[in-house]
Amino acid sequence: MLLMLFFLISLWNFYYMFGFGLISSLVCMVLPRYDYSGYGQSSGKPTECNTYADIEAAYNCLREQYGVKDEQLILYGQSVGSGPTVDLASQLTNLRGVVLHSPILSGMRVLYPVKRTYWFDIYKNIDKIGMVNCPVLIIHGTADEVVDCSHGKQLWELCKEKYEPLWISGGGHCNLELYPEFIKHLKKFVLTIGKSKTAPNGSKKTTVELENENKPSESGTSDTFELVPDLPEVSRNSLDSRLEKSKKPNKPEKSRMSTDRVDRFRRSKGMVW
C-alpha cells in the first residue's frame, strides 16, 4: 500500500483536511496529514527550522511506529509546504514519488523576481529540487494570484525525474481540487508509480517508460490501470440473441369497453352515484 504524507502551510487547514480526506478515498490510498508548528492544534512557532523538524517527525513516526518504507511513501507539499517537502525528499533516495501543488521557487522569489539565491532566503526549492531522485508531479494553476505559475514551470524544468505536469487553466491558489482534471491526473500519477517494476537488467523503470506503457497502442486499444486481477471471461449470449429470446409473440389486444358503454352499464345496474 502507498501512503501520501501531506504537508500544507496555509490558513485553510481545516478545509484541506476535509478536501484531502475525499481525495484519499478517490485515489484509494492512506493520506496522513498534520498541522505544523504554530498552526491548528500544534504548539510552537511557525519558523522554517520548525517546519523542517515537523515533517521529519511525521516521517520518523511513519517509519518507526508504523513500519512504512520509503518506497511506499509519496510526499505531498502545497504552497509554502513545498519547502519542507522538497527538503526532506532531497535527503531520501528511495521515495516512491513527490507531488508539489502550487509550489514556490523560494520565499524571496514569491515577493521579488530575484535572479540569485541570497543567504537569508527561505525554502530554497530552486536549489534542492535537482537532488530529488524520484518522480515529481507538479500541479499549478495558470491564474494563481499568490504564487505565479512560473514557479511551478521552472521547478519542473529543474526536476531530475520529470512526470507529466498539470497546468490547470484558470486555476487559482486554493481551488485546484475543484477542477476534475486535478483528481484525474493525481490518480494517474499514483497508479503509474504504484505499478513501477524492475527492468530485466535490475534497474528501475522510469516514469517515462511507464507512461509509454499506458499510452494507447497502434491497434486502437489502450492499457488501463489494473486494480483487480483479470477474471476469466464467461461466455455470454450476444445481445441480439437475448433480445430475440425476450421477444414475445404479438397477441391481439383484448377489446375494451369505451367509457360511454361503461356509463350505460352502470346506469342499467343502478350503480350511478
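Cys61 counts as partly exposed, because its relative accessibility is 28%; in this scheme buried means under 20% relative accessible area, exposed means over 50%, and partly exposed lies in between (1.4 Å probe, protein chains only). The structure is a predicted model, in which local features need pLDDT of at least 70 and side-chain atom pairs count only at pLDDT 80 or more, while totals for chains, interfaces and linings use all residues. Residues are numbered from 1 along each chain as its sequence is written, and side-chain values use heavy atoms, with hydrogens and water left out.

A disulfide is defined as a pair of cysteine sulfur atoms within 2.5 Å, and zero disulfides are found in a search of the whole structure.

Helices (H or I, at least four residues) and strands (E, at least two) are DSSP runs, numbered from the N terminus. Strand β2, residues 73-79, is largely enclosed by the rest of the structure, because seven of its seven residues are buried. Strand β3 (residues 97-101) pairs with β2 in the parallel sense over five bridges, where pairing requires that DSSP finds at least two bridges between two strands. Within this pairing, Val99 in β3 is the bridge partner of Tyr76. From β2 the chain passes through helix α3 (residues 82-89) to β3, forming a right-handed β-α-β crossover. A crossover is called right-handed if, with the strands pointing away from the viewer, the path from the first strand over the helix to the second runs clockwise.

Ser79, which lies in strand β2, has a phi of about 60° although it is not a glycine, and it is buried at a relative accessible area of 6%. Ser102 is located in the loop between β3 and α4 (107-111). The phi of Ser102 is near 50°, and this residue is buried with a relative accessible area of 0%.

Asp144 occupies the loop between β4 (136-141) and α6 (149-158). Asp144 is buried yet has no salt bridge, and the nearest side chain of opposite charge, Lys153, is 12 Å away. Lys and Arg count as positive and Asp and Glu as negative, with His and the chain ends not counted; a salt bridge is a side-chain nitrogen of Lys or Arg within 4 Å of a carboxyl oxygen of Asp or Glu. A polar atom of the Asp144 side chain does, however, lie 2.9 Å from the backbone nitrogen of Val147.

Note on methods: Polar contact = N/O pair within 3.5 Å; in protein donor to acceptor, adjacent residues only side chain to side chain.
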